[in-house]
Structures are given as structure tokens and as C-alpha cells.
2 protein chains.
Amino acid sequence: MEQYFVNSTITSDQFRLDDREQYKHIITVLRHQVGDELFFVDEHSDLFHATLAEIEPGQAIFDVEKSDKPTTELPVQVTIACSLSKKDKVEWITQKSTELGATKIIFFNSRYSIMQWKNNVVEKKLQRLQEIAKNAAQQSKRRVIPTVSFMKKFDDLTKLDDEVKLVAYEESAKQGETSKLHQVLTHNQTGSIVGVFGPEGGFSPEEVDTLVTNGYSSIGLGPRILRAETAPMYLLSVISYNYELRMNEE
Amino acid sequence: MEQYFVNSTITSDQFRLDDREQYKHIITVLRHQVGDELFFVDEHSDLFHATLAEIEPGQAIFDVEKSDKPTTELPVQVTIACSLSKKDKVEWITQKSTELGATKIIFFNSRYSIMQWKNNVVEKKLQRLQEIAKNAAQQSKRRVIPTVSFMKKFDDLTKLDDEVKLVAYEESAKQGETSKLHQVLTHNQTGSIVGVFGPEGGFSPEEVDTLVTNGYSSIGLGPRILRAETAPMYLLSVISYNYELRMNEE
């Protein structure tokens with residue numbers, strides 16, 4: 001069943017959908033009829049089962065009931081921070097990180113970034129990425145839309161206050177670093193994790209130093225060289241496995 | 001350093017590169033000079049450190065030395081079998097599955113596949129995908145190029161003889177199945193794994209029944225709905241984590 005995020009708080013047993021875009025999509029494009037069912041997530045991340053009760057020009061009235069389905073959110077907050085890359089990769093990272101459960105997605109400038117965002121395009125780029133995140137969150141049935149933001153200064157990564165701070169570094173993998181990630185995930189049962197990922201050309205050693213001296217652990221993600229957009233998916237998959245599929249076993 | 005697969009066995013301390021495409025790429029396009037270094041993987045999956053010694057028209061001579069770098073191959077053989085999908089998704093699954101370590105990649109027809117391959121295009125499609133796998137294997141520094149194949153009959157999936165056979169099934173995830181994957185990976189320390197993934201529209205219950213009665217375990221990959229192309233990446237990442245990053249800890 002489809003799911004939509006609405007920009008309001010659903011309090012009663014009826015919900016009046018009057019957002020122009022959503023009305024157009026649900027009623028005009030998908031031609032939903034009275035009696036059709038779907039889900040709404042309101043601005044408090046609550047899920048409601050909704051039945052279309054009445055269609056009027058420009059608004060649709062739904063009978064709603066709060067759902068008791070278990071949450072689809074990761075039990076830890078995960079921030080994925082990636083160096084700027086080409087448009088399609090940035091969009092792809094946003095879509096896939098959303099599907100895989102990230103709470104925040106940050107793009108940042110680094111020394112070997114192959115792209116730069118000029119000041120005057122940042123807002124438009126972020127708007128588009130935020131829309132991609134919203135659609136992916138709806139499709140994957142999440143309760144939260146990740147926020148997408150831009151960090152102009154690399155050094156601001158040192159100001160993030162997540163409990164676990166990781167930087168994926170090829171040189172760590174090359175030196176055979178194979179146990180840090182598992183150690184960190186095993187000993188951190190709650191809280192928040194940030195994973196920082198470099199550009200195709202990698203981080204400069206100075207950049208990694210800056211992160212490591214500010215509380216980041218440098219981790220390897222296995223012996224194969226992963227592309228810049230693949231590494232964050234690896235981390236998110238492993239975090240999901242660790243916190244969502246292994247808990248019963250520990 | 002770049003890595004190339006060569007279609008021959010390197011036996012002596014010199015290697016004569018006369019493959020037309022590779023010569024063109026390495027000498028004409030990249031303009032490598034005498035003294036430049038790179039890696040070759042020969043048809044026995046052996047890695048050689050190579051130094052360009054001499055350039056002649058149409059052939060290049062390299063001094064080679066067998067490398068003692070540890071393998072980059074997963075300690076288990078993993079087959080990724082995906083329902084046919086649009087061209088860009090099929091290509092993307094091939095590239096990413098290669099990066100993440102799959103040994104075989106199979107595309108198959110299933111009831112709700114959104115694409116079909118006509119008999120007369122199969123060979124051409126597979127050639128193109130095999131080329132993508134080769135390039136991704138070179139880029140990710142693998143020793144093996146995964147084979148890409150096509151399975152016309154869904155039921156042939158039941159003939160695969162991998163020790164662990166998994167089918168990712170949305171309904172399993174919906175019913176809260178959260179421990180099977182971990183159980184299976186924990187108890188299988190060697191051997192081979194096949195993961196089967198449905199199309200965007202999912203498998204029919206009959207298809208899942210067919211697999212399950214033929215030795216497949218139906219597994220959930222967490223509470224979020226993953227797209228058809230994301231689920232195989234999840235499985236491969238988790239397999240890498242389990243076999244390559246956790247071994248020291250168990």
C-alpha cells in the first residue's frame with residue numbers, strides 16, 4: 001500500500017488532504033476512488049491507516065486510524081557524510097542511503113572532490129535531493145525523511161557530536177584493518193553513528209589526520225576497493241544487519 | 001595502481017602484452033612509458049607486479065614478478081541471482097555485485113519481471129554485462145571476474161547446488177523475520193551461497209514455494225522495503241562483514 005508524508009499533525013479520525021501536489025498525485029494521477037486505502041505519516045512520524053471517504057475539488061477527506069505497525073526506523077541514528085561527486089552519484093547516494101535507513105545525509109567539500117557546488121546553486125541542489133529523499137522514504141516505508149545538507153568547510157565534520165564517528169579510509173583497508181567496525185558496532189548498542197566517505201580520489205592524509213585527532217576511527221570495509229558511492233551502502237547494510245537482524249541472537 | 005586481467009598464463013619473468021584492446025588502452029590512450037608500473041592478473045587468478053620495459057608497435061613488454069599481496073576474493077563463493085529488470089538496473093547490479101565480491105551473477109525470468117530478453121538479444125546483453133563485470137573487477141582490484149549468465153526458466157534456480165540457498169522475500173520481512181540470515185551466516189563458515197532476488201513487483205507466492213521446497217531459506221533484510229537492486233548489495237555487504245571483518249573477533 002502506498003505511503004505519503006503529510007506536513008501536518010493528524011489528531012482526529014478524519015484527515016483533510018489539501019496539499020496541491022499530493023492531491024494531484026493521489027486523486028488526479030493515480031485516480032484513487034472512495035474506499036481506497038493508503039498510509040499517511042504525519043509530522044510526528046506517526047503512521048495512520050487511511051481510507052478515502054470523500055473527494056471534493058482540491059481536497060480529499062480520509063477516515064484515518066493510527067497504525068500499530070512496528071517502526072521501520074533503525075534503532076540508531078546514522079549520518080552518512082559524503083564528499084561531493086557528480087550529480088547522478090549524489091542523487092543515487094541520497095536515494096540508497098534513505099532506503100537503507102540513514103537519518104541525515106551530508107555532502108561536503110574535500111580536497112580531492114571532483115565537483116564543487118557554487119554558493120548560488122546549493123539551495124536548489126538540496127531541494128532536489130530532499131525531494132529524492134522524501135520519495136525514497138515513502139517507497140521504502142520509512143517514518144522519517146532524512147535531512148540532506150551541505151557542509152562547505154571540511155573541518156566542520158570535526159564538530160559533529162555523534163557517539164560513534166567513523167571514516168572509511170582505503171589505506172586502513174590496505175593495511176589489513178579488518179576488525180574496527182565490528183568492535184565499534186558490538187560495543188555501541190544505542191546512540192548515533194556518523195560515517196564519513198571520501199571522493200573517488202580518496203582523502204588526503206591530512207584530512208584523515210584531522211578527523212582521527214577529532215575522535216574519528218579510521219575503518220576498512222574489506223579488501224576490495226569500493227567506489228565512493230558503494231562504501232556508504234556497505235556501512236548502512238552492515239549497521240542494519242548488526243542492529244536489526246542480529247539482536248535476537250546476542 | 002591500475003590492474004588488468006590478461007587472457008594468458010604468465011610463467012616467466014617477462015610478459016608480452018599483444019591484446020589489441022589492452023595495448024591501445026594502456027599505451028595509446030593512457031600513454032604509459034617505460035618504467036611505469038601496474039598489475040596483471042593472469043588466467044589462473046595470479047597477481048603480478050609489472051614494469052613496462054619496452055614498447056614496440058602493437059606489443060608492449062613488461063618485466064613481471066608474482067605478487068604476494070593477499071587475495072581480495074571473498075572466502076565464500078557468492079552467486080547473486082536477480083530477476084530481469086531495466087537495462088540500467090541490470091548493469092548497475094552487475095557493477096556493484098562485482099565490486100562487493102560476487103563470483104557469479106545470474107539474471108532470470110520470473111512471473112512479475114518487468115522485462116523479458118528475447119532469445120536473439122541474450123548473447124549481446126551478456127557480452128555487455130560481462131564487460132562491465134571485467135571493468136568493475138579491475139577497478140575494485142579483484143582476482144576473479146564474475147561470470148554473468150541468463151536463466152530462461154525460473155525453475156532452474158532449484159538446480160543450483162550451493163550449500164546455502166537464500167531467497168529475499170518481502171513477506172518474510174513483513175512477518176518480522178529477523179534472525180535467519182544471521183543464523184545461516186554464523187553456521188556456515190565455508191562453501192558457497194546463492195541469494196535470489198525478485199523483481200520490483202515481488203515474487204509470486206508459488207515461486208517462493210518452489211524455491212523453499214527445494215532447499216532455499218526465505219529471509220528478511222530488515223524492516224524497510226528495499227528496491228530490487230538494493231537488496232543484493234545489502235546481502236553482499238553483510239556477507240563481506242561476516243566473513244572478512246568479523247573473523248578475528250569470533
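Which strand of chain A holds Ser83(A)? Ser83(A) is found in strand 6, residues 77-83. The model is predicted.

**Chain A overall**

- Chain A has seven helices and eleven strands.
- Its C-alpha trace spans about 65 × 50 × 30 Å along the principal axes.
- Of the 250 residues in chain A, 55% are buried.
- Take the contacts in chain A between residues at least 6 apart in sequence: 74% of them join residues at least 24 apart.
- Chain A carries 29 positive and 37 negative side chains. The centres of these two sets lie 8 Å apart.

**Ser83 in chain A**

- Ser83(A) counts as buried because its relative accessibility is 3%, and buried means under 20%.
- The side chain of Ser83(A) makes a polar contact of 2.7 Å with the side chain of Ser113(A).

**Ser83 in chain B**

- Ser83(B) lies in strand 6 of chain B, residues 77-83.
- Ser83(B) has 3% relative accessibility, so this serine counts as buried.
- The side chains of Ser83(B) and Ser110(B) are joined by a polar contact of 3.0 Å.
- Not counting residues up to four places away in sequence, Ser83(B) touches Phe107(B), Phe108(B), Ser110(B), Ser113(B), Phe197(B), Gly198(B) and Pro199(B).

**Helix 3 of chain B**

- Helix 3 of chain B covers residues 119-139, 21 residues in total.
- From first C-alpha to last, helix 3 reaches 31 Å, close to the 30 Å expected at 1.5 Å a residue.
- Its buried residues are Val122(B), Leu126(B), Leu129(B), Ile132(B), Ala133(B), Ala136(B), Ala137(B) and Gln138(B).
- An α-helix has 3.6 residues a turn, so residues three or four places apart point the same way.
- The buried residues of helix 3 pack against strand 1 (3-5), strand 7 (104-108) and strand 8 (147-151) of chain B. They also pack against helix 1 (20-29) and helix 2 (87-99) of chain B.
- Lys141(B) follows helix 3, and its phi is positive, near 65°.

Terms used: Residues numbered from 1 in each chain as written. Chains lettered and ligands numbered in written order. Predicted model: local features only at pLDDT ≥ 70, side-chain atom pairs only at ≥ 80, totals over all residues. Heavy atoms only, no water. Helix = DSSP H or I, 4+ residues; strand = E, 2+ residues; numbered from the N terminus. Buried < 20%, exposed > 50% of the residue type's maximum accessible area, 1.4 Å probe, protein only. Contact = heavy atoms within 4.5 Å. Lys, Arg positive; Asp, Glu negative; His and termini not counted. Charge placed at Lys NZ, Arg CZ, Asp CG, Glu CD. Polar contact = N/O pair within 3.5 Å; in protein donor to acceptor, adjacent residues only side chain to side chain. Expected span 1.5 Å × (residues − 1).
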